[in-house]
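Here are a few exercises to work through with the model open beside you. Try each task before reading its solution.

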Amino acid sequence: MKRVYNFSAGPSMLPEEVLRKAADEILDYKGCGQSVMEMSHRSSVFQGIIDRAESLLREVMGIPDNYKVLFLQGGASSQFAMIPLNLMVNSHKADYVLTGQWATKSWKEASRYGETRVIASSKDKTFTYIPKLDPKTFTPDADYFYICMNNTIYGTLYHTLPETGKVPLVADISSCICSEPLDVSKFGLLFAGAQKNLAPAGLTIVIVREDLVGHAQEITPTMFNYKTHVDGGSMFNTPPCWTIYICMMVLDWIQNTVGGLGEMQKRNQKKAKLLYDYLDNSKLFRGTVVPEDRSLMNVPFVTDSDELNAKFVKESTEAGFVNLKGHRTVGGMRASIYNAMPYEGVEKLVDFMDKFEKANG
Ligand SMILES: *Cc1c(COP(=O)(O)O)cnc(C)c1O
């Protein structure tokens with residue numbers, strides 16, 4: 001067996017020890033004679049799994065008691081509609097900051113359900129920075145203020161949060177959830193598709209302050225109402241059982257093998273620094289993002305030649321570094337170095353880049 005270093009933006013690498021444990025338990029989960037894939041979501045065994053996943057997430061992220069945790073389906077993209085349907089219920093206004101494609105898609109969707117305002121955008125420079133925000137320009141009576149915290153495609157991260165006062169801050173944390181500590185109490189709602197940092201595809205995590213639940217717009221479909229899932233303990237309908245099970249094991253890995261989010265952050269900073277330092281000193285490659293807004297998780301980089309970019313993608317793939325091709329809107333390359341990417345993977349990639357630079361520079 002040979003495993004590659006997978007730099008995919010998502011779905012992405014999972015910790016090897018989690019995959020091994022899942023393999024061990026695939027036919028018989030803890031002596032119950034069946035796989036988690038096969039078991040009833042109403043069984044006490046599965047109830048134990050979802051309860052443990054929730055309590056681990058609460059422990060890992062330090063989620064206060066007045067927040068609900070939901071395990072949903074429909075991807076992060078469904079939240080683009082669920083958020084306005086559930087939260088745009090008083091002034092029917094919401095503020096958005098456009099820092100990339102995901103924020104833009106979310107803003108467009110919300111605009112179908114209420115009055116949205118774009119507070120700032122970094123589109124003028126292909127989303128290579130996070131705009132400076134002035135709270136005086138925010139809508140004072142908005143129902144929420146929306147950001148995409150880590151911009152997966154462009155490789156930017158909010159290193160400081162906007163000061164929204166009483167207006168609930170809502171953040172898409174799909175590609176940075178559990179990558180470093182985050183003060184959940186600063187947000188009204190957080191959500192993430194799990195396939196970047198926590199699990200296989202099929203699970204969407206929503207963390208919502210309880211006072212924001214239960215006021216959905218009249219037209220809200222039952223399945224899109226947070227209250228449905230709060231009341232049903234994320235089991236109004238069949239939840240993505242297998243994905244929740246893997247998520248539970250990944251959270252256990254973060255908490256008990258890595259040692260929590262403080263340690264996770266140190267690992268991620270060390271990995272990212274290795275790659276950014278190389279890029280800053282390279283004469284062939286360069287990062288595309290302004291240094292102060294760089295993501296810890298997604299690192300886009302280019303050479304000045306499309307031909308060399310293509311050659312690099314081809315040769316790196318052959319050498320076992322896969323999915324390094326950049327998003328079509330940015331071009332070049334992107335290395336997604338999520339929690340499960342070992343330091344050694346980045347070290348070997350940097351060695352490979354250095355050799356490529358010497359051969360082609
Ligand atoms: C991947 C991603 C999405 C889309 O997630 P789906 O689960 O495919 O809907 C949304 N936002 C961000 C920041 C992402 O990285």
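This is a predicted model: local features need pLDDT of at least 70, side-chain atom pairs count only at pLDDT 80 or more; totals for chains, interfaces and linings use all residues.

Residues are numbered from 1 along each chain as its sequence is written, and side-chain values use heavy atoms, with hydrogens and water left out.

**Exercise 1.** Work out how helix 2 and helix 6 cross, and which residues make the contact.

Solution. 
- Step 1: Locate helix 2 at residues 44–61 and helix 6 at residues 241–258; helices are DSSP runs of H or I with at least four residues, numbered from the N terminus.
- Step 2: Their axes come within 9 Å and cross at roughly 40°. Axes are lines fitted to C-alpha atoms over the stretch in contact, and angles run from 0 to 180 degrees between N-to-C directions.
- Step 3: The two helices are therefore oblique to each other. Angles under 35 degrees count as roughly parallel, over 145 as roughly antiparallel, 65 to 115 as roughly perpendicular and the rest as oblique.
- Step 4: The crossing is left-handed, meaning that the near helix is turned anticlockwise from the far one by less than a right angle.
- Step 5: The contact residues divide into 13 nonpolar, two polar and three charged. Ala, Val, Leu, Ile, Met, Phe, Trp, Tyr, Cys and Pro count as nonpolar, Asp, Glu, Lys and Arg as charged, and the others, Gly among them, as polar.

**Exercise 2.** Describe the crossing of helix 3 and helix 4.

Solution. 
- Step 1: The axes of helix 3 (residues 75–87) and helix 4 (residues 101–110) come within 8 Å and cross at roughly 40°.
- Step 2: That makes helix 3 oblique to helix 4.
- Step 3: Helix 3 passes helix 4 in a right-handed crossing, the clockwise case.
- Step 4: Helix 3 contributes Ser77, Phe80, Ala81 and Pro84 to the contact, and helix 4 contributes Trp102, Lys105, Ser106, Glu109 and Ala110.

**Exercise 3.** In what order do the three strands of the open sheet lie?

Solution. 
- Step 1: The order is 11-12-14, with antiparallel pairing; strands are E runs of at least two residues, and two of them pair if DSSP finds at least two bridges between them.
- Step 2: Strand 11 (286–287) and strand 14 (333–336) each have a single partner strand, so one side of each is left without a neighbour in the sheet.
- Step 3: Strand 12 (residues 298–302) and strand 14 pair over four bridges, and Pro300 stands opposite Arg334 in strand 14.

**Exercise 4.** Where does UniProt place the domain feature?

Solution. 
- Step 1: The unreviewed UniProt entry places "domain: Aminotransferase class V" at residues 4–349.
- Step 2: The end C-alpha atoms of residues 4–349 lie 11 Å apart, and the span is 33% helix and 17% strand.

Conventions. Contact means heavy atoms within 4.5 Å. UniProt positions are given in the numbering used here, feature names are shortened, and annotations may be inferred rather than shown by experiment.
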